[in-house]
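Please read the following briefing alongside the sequence and the model. It is grouped by topic.

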Amino acid sequence: MRTAYSVETVRAAERELMARLPEGALMQRAAAGLAVACGQLMGRVYGTRVVLLVGSGDNGGDALYAGARLARRGAGVTAVLLAPEHTHAGGLAALRGAGGTVMGAGAEALGGVILRADLVVDGIVGIGGQGGLRADAVPLAEAVRESRAAVVAVDLPSGVDADSGEVRGVAIRADLTVTFGTHKPGLLIDPAREYAGTVRLVDIGLGEVLPGRAELEALQHADVARLLPVPGAESDKYRRGVVGIAAGSARYPGAAVLAVAGALRGGAGAVRYVGPAADAVIARFPEALVSDQGPRAAGRVQAWVVGPGAGDDAGTVAEVLEADVPVLIDADGLRLVDRDAVRARTAPTLMTPHAGEAAALLGVARAEVEGARLASVRELAARYGATVLLKGSTTLVAGPGDGPVRVNPTGTAWLATAGSGDVLSGLCGSLLAAGLSAVDAGSVGAYLHGLAGRLAAEGAPVGAQGVAEGVGRAWRDVRGG
């Protein structure tokens, strides 16, 4: 599992580790890893032109020491100093001793040195930076954007918020971010993730002093394989999980079909469908069990999914919430649900809004949710006392307590297609019915859903039916065949 820790936690761990090591050892570890990553990105070092953008913090020191290593291997290295009087003295001496040159952040740097560079190393601001780049650094960011140089960020791109993933002004866009010791939340969450490019983690020994509980977690293949509910020899449909789907309407019968598809592909032992799209569901999935008597009379289920394509059927939403089993609320259900009814539930509730739906639930603009995804998902989970899966370019899953937020690493733009969210609802519902917790069901479902989108598309457009069919392929991929 990939984990990310807050700035406060990272700094405390660094202080503890530095107290055990010789002075400067931690920075040298970081610089060594940074220099190796730079060389690998360029493909060669000798004869290349490297520009270091150096701020006043330790990131600037990391960049200077790494630049010295590159200079000793034959690169032409120039350090552009934003605060000459506060530059890391040891790093500056090392660079000069290796033959590197130094200049201020004036016209010469902007008009020539950066534009001619093969590689720019961003060491302007470290993990403590907030609110975008300062005014004096903005021209450097603009020059970098105009250049053809590869860009490597030291620990994280300057101008992004390490803890939240927010970008509140101009920031450096990197091709590669070399981060040290542990991931920072901003490297895993958009919009900051978009600025980070490829992220490479360099081990500097922090693992031995970091606490066990992280701020963010990202499941990997092995984690998902461990959590997947696989039937055993004694399994029957009830042991595998029966999921109820209350979805669809005369206007949106396809939402019901897609939600049922997601549930069946997600491993449900059986699906009980309740709603006005029974004919469409049976035509596509004859194994589905249908009812027109409402959720209470539908029969035994281990979880409910309510809301996809439901229109204005608030009565069904309210009836499902009364069930003493896990419930997933999506789409129209989110618009119709009563917050107090959700908070009063004793069984788990999983809500799956996209940014627009989350904004409506929070009473804010959609742009506010998209710019502050981590804060938004936490706020929704706290308000409703539920687990919230916030869909988007980086899907986040937050429980109602203070545990780590899960971030999904498999998202793909191919999932931006009508009906894809209905498939996700059914898929997550099947995992709830199989006994997974709401956080695990949401994060495993999001992982499989993203992987299904990738496998189904394989570089070509794909619709929601293709995503549903891809879930089975994703399952086999995770299970190793």
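Five of the five residues of strand 11 (residues 270-274) are buried, so this strand is largely enclosed by the rest of the structure; buried means under 20% relative accessible area, exposed over 50% and partly exposed in between, with a 1.4 Å probe and protein chains only. This is a predicted model, in which local features need pLDDT of at least 70 and side-chain atom pairs count only at pLDDT 80 or more, while totals for chains, interfaces and linings use all residues. Residues are numbered from 1 along each chain as its sequence is written, and side-chain values use heavy atoms, with hydrogens and water left out.

**Strand 11 and its partner**
- Both faces of strand 11 are covered, with A270, R272 and V274 buried on one side and V271 and Y273 buried on the other.
- Strand 10 (residues 242-246) pairs with strand 11 in the parallel sense over five bridges, where pairing requires that DSSP finds at least two bridges between two strands.
- Within this pairing, V242 stands opposite A270 in strand 11.
- D402 is 160 residues from V242 in sequence and 30 Å from V242 in space, C-alpha to C-alpha.
- D402 lies in the loop between strand 17 (396-398) and strand 18 (405-407), and D402 counts as exposed at 63% relative accessibility.

**Backbone features in loops**
- The peptide bond from D190 to P191 is cis, with omega near 10°, and P191 is placed in the loop between strand 7 (176-180) and helix 7 (192-196).
- D155, although not a glycine, has a positive phi of about 75°; D155 sits in the loop between strand 6 (150-154) and strand 7, and is buried with a relative accessible area of 5%.
- A331, also a residue other than glycine, has a positive phi near 50°; A331 belongs to the loop between strand 14 (327-329) and helix 13 (332-336), and is buried with a relative accessible area of 19%.

**The chain as a whole**
- The protein chain has 20 helices and 18 strands, these being DSSP runs numbered from the N terminus (helices H or I, at least four residues; strands E, at least two).
- The radius of gyration of the protein chain is 25 Å, close to the 23 Å that the globule rule gives for 481 residues, so the chain is as compact as a globular protein of that length; the radius is taken over C-alpha atoms, and the rule is 2.2 Å times the number of residues to the power 0.38.
- Buried residues make up 58% of the 481 residues in the protein chain.
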